[in-house]
Amino acid sequence: MALSSIKGFVWLLLITCMIGISSAQLSNEMFYAKTCPKALRTIRKTVQDVVKNEKRMGASLLRLFFHDCFVQGCDASVLLDDTSNFTGEKNSFPNANSLRGFEVIDDIKSQLETMCPEVVSCADILALAARDAVAELGGQRWSVPLGRRDSLTASLELANSDLPAPFLDLDGLIAGFQKKNFTAEEMVTLSGAHTIGQVRCFFFRARVYNETNIDPTFAADMQAACPFEGGDNNLSPFDSSTPNNFDNAFYSNLVKNKGLVHSDQQLFGNGSSTNAQVRSYSRNMGRFKKDFANAMFKMTLLTPLTGTDGEIRQNCRVINAPSNTTTTA
């Protein structure tokens with residue numbers, strides 16, 4: 001076993017003991033070494049290709065994983081389509097007309113099903129794709145424990161209640177992340193995901209027209225992109241400085257009152273308890289990248305399904321037919 005894999009597995013054991021998050025039977029990145037040896041390479045190559053073709057897709061894959069893990073844990077529930085007798089999470093308020101990257105996961109799953117049918121879970125694909133997407137845009141890689149299985153259920157209710165909204169104040173953000181066993185410091189770190197990606201006008205209109213803790217020139221620029229009426233789906237980057245680079249510009253923008261959505265700017269200003277951390281990250285990109293990798297590693301451990309729980313979906317969008325049997329990798 002490679003030294004990096006041993007270190008990753010030791011870190012998995014340590015952090016699980018410290019934070020009490022269930023990771024029963026999760027293994028290291030050698031999990032598919034015998035059952036699907038080209039799995040990780042296939043996922044990484046596909047992610048690299050799609051992100052090179054469209055930088056924004058890197059942020060979309062990261063967000064897709066986050067929205068999966070915060071609802072029922074990292075179990076690929078977010079990927080399930082609605083049917084006549086099943087309601088999934090895709091049409092929840094935070095996800096509808098917003099989440100992207102499903103076709104990338106479909107493509108990866110199709111390739112892996114050809115290589116090694118019913119072996120690699122959609123949940124593991126999501127976790128690896130998010131890591132590889134961040135790395136492709138300049139972020140630090142993190143170990144991804146493997147062995148998750150896919151859920152048989154989804155929760156529209158939890159998707160509507162458990163995903164932090166861009167309108168939240170600082171206390172609401174802290175409470176939302178604490179619900180998932182993240183500290184206030186880790187919340188600030190994970191918010192740095194907004195150093196990449198774009199957001200719809202609907203979610204930042206109130207801030208750029210009504211709030212006073214915003215740089216006037218920045219507000220005017222954003223108003224030009226987001227009219228007072230109409231244009232709800234117009235897109236603007238969270239980070240107007242370097243929107244396609246995974247760096248610390250998000251925090252530098254906050255110090256300048258250039259946070260695009262209300263919840264982001266709540267991290268800095270008016271004596272906020274998180275001011276010092278934001279300022280530190282704005283000055284030290286290396287610290288931010290390292291902390292982000294550690295926080296994302298912790299996220300990968302959010303209540304996964306393992307062992308005989310769940311299944312290995314053949315198609316990430318639908319639960320296997322009852323007659324199908326799945327194998328354990």
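Predicted model: local features only at pLDDT ≥ 70, side-chain atom pairs only at ≥ 80, totals over all residues.
**Binding site entry**

I started with the UniProt record, an unreviewed entry, which lists Thr195, Asp239, Thr242 and Asp247 under "binding site"; positions follow the numbering used here, feature names are shortened, and annotations may be inferred rather than shown by experiment. They are spread over 53 residues of sequence but cluster in space, with a largest C-alpha distance of 9.9 Å.

Residues are numbered from 1 along each chain as its sequence is written, and side-chain values use heavy atoms, with hydrogens and water left out.

**Thr195**

I found Thr195 in the loop between helix 8 (184-191) and strand 1 (198-200); helices (H or I, at least four residues) and strands (E, at least two) are DSSP runs, numbered from the N terminus. Thr195 counts as buried because its relative accessibility is 0% (buried is under 20% relative accessible area, 1.4 Å probe, protein chains only). Its side chain makes a polar contact of 3.4 Å with the side chain of Asp239. For that term I used a pair of N or O atoms within 3.5 Å; within protein, one must be able to donate a hydrogen and the other to accept it, and residues adjacent in sequence count only if both atoms are side-chain atoms.

**Asp247**

Asp247 sits in the loop between strand 2 (235-237) and helix 11 (249-255). At 11% relative accessibility, Asp247 is buried too. I looked up its side chain and got a polar contact with the side chain of Thr242 at 2.6 Å. Leaving out residues up to four places away in sequence, Asp247 touches Thr195, Asp239, Thr242, Met285, Phe288 and Lys289 (contact is heavy atoms within 4.5 Å).

**Two domains**

Next I checked the domain assignment: domain 1 is 38-162 and domain 2 is 170-295, with bounds from an automatic or database assignment. The contact takes 18 residues from domain 1 and 20 residues from domain 2. I counted two salt bridges between domain 1 and domain 2 (side-chain nitrogen of Lys or Arg within 4 Å of a carboxyl oxygen of Asp or Glu). Helix 3 gives the most to the side of domain 1 that touches domain 2, with five residues.

**Asp68**

Asp68 is in helix 3 (residues 56-69). I noted Asp68 as buried because its relative accessibility is 0%. The Asp68 side chain reaches the backbone nitrogen of Val78 at 3.4 Å.

Note on methods. Buried < 20%, exposed > 50% of the residue type's maximum accessible area, 1.4 Å probe, protein only.
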